[in-house]
Amino acid sequence: MKISVKNALIAISAVVLSACCLFCACRNGGGNAYTKGLVFSEIEENGEIAAYSVNGSGKPAKNIKIPSVYNDKPVTAIGGYAFKEGAFLFVRLESITIPDSVTSIGERAFWGCYKLKNIYYGGTVAQWENIRKGDEWDMFETDYYVRCSDGNIYGNYEGRE
């Protein structure tokens with residue numbers, strides 16, 4: 001059986017591409033791919049790193065995916081003002097995916113993200129309702145949906161006391 005140079009190069013390229021994808025999946029928590037450029041902070045307990053918090057991103061994005069695991073530790077929080085639209089950085093943010101490992105969202109975490117319409121949450125409606133949420137966490141003055149694994153929650157910041 002004779003193999004052409006072109007077919008051999010295609011086969012080699014496929015193997016290299018597969019290896020790169022496998023490496024990236026392992027590095028990011030076994031298929032826990034997330035938006036590059038997120039800024040993480042350590043959460044310590046008893047002098048040890050217990051978890052991580054997401055405190056923003058270094059680049060604008062329309063869609064952001066937060067990982068459930070970072071550096072082999074759970075991501076359990078979104079910091080206050082994490083995705084605040086500063087200098088129009090997140091004016092484009094339309095959706096964010098939050099894993100069910102997150103147990104708290106800081107105050108004004110999405111302040112000024114006026115295009116944010118969909119929050120995809122990896123857990124149930126009951127889990128979402130149990131997340132500790134800081135004051136005005138959803139201060140982006142638009143209608144939005146939190147899309148959970150077992151249903152949707154409609155939200156609207158306007159008109160709150």
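I'm working on a predicted model, where local features need pLDDT of at least 70, side-chain atom pairs count only at pLDDT 80 or more, and totals for chains, interfaces and linings use all residues. Residues are numbered from 1 along each chain as its sequence is written, and side-chain values use heavy atoms, with hydrogens and water left out.

Aromatics. I then went to the ring pairs (Phe, Tyr and Trp, using the six-membered ring of Trp, with centres within 6.5 Å; planes under 30 degrees apart are stacked, over 60 edge-to-face, the rest tilted). The structure has twelve of them. Tyr52 and Tyr70 are edge-to-face, because their planes stand at 85 degrees, with centres 4.9 Å apart. For burial I used under 20% relative accessible area as buried, over 50% as exposed and partly exposed in between (1.4 Å probe, protein chains only). Tyr52 is buried at 7%, while Tyr70 is partly exposed at 21%.

Phe83 and Phe110 are stacked, since their planes are at 5 degrees, with centres 5.8 Å apart. Phe83 is buried at 0%, and I get 0% for Phe110 too, also buried.

Charges. Last, I checked for charges over rings (NZ of Lys or CZ of Arg within 6 Å of the ring centre and within 35 degrees of the ring normal). Lys36 sits over Tyr34, 4.6 Å from the ring centre, and Arg108 over Trp111 at 4.8 Å.
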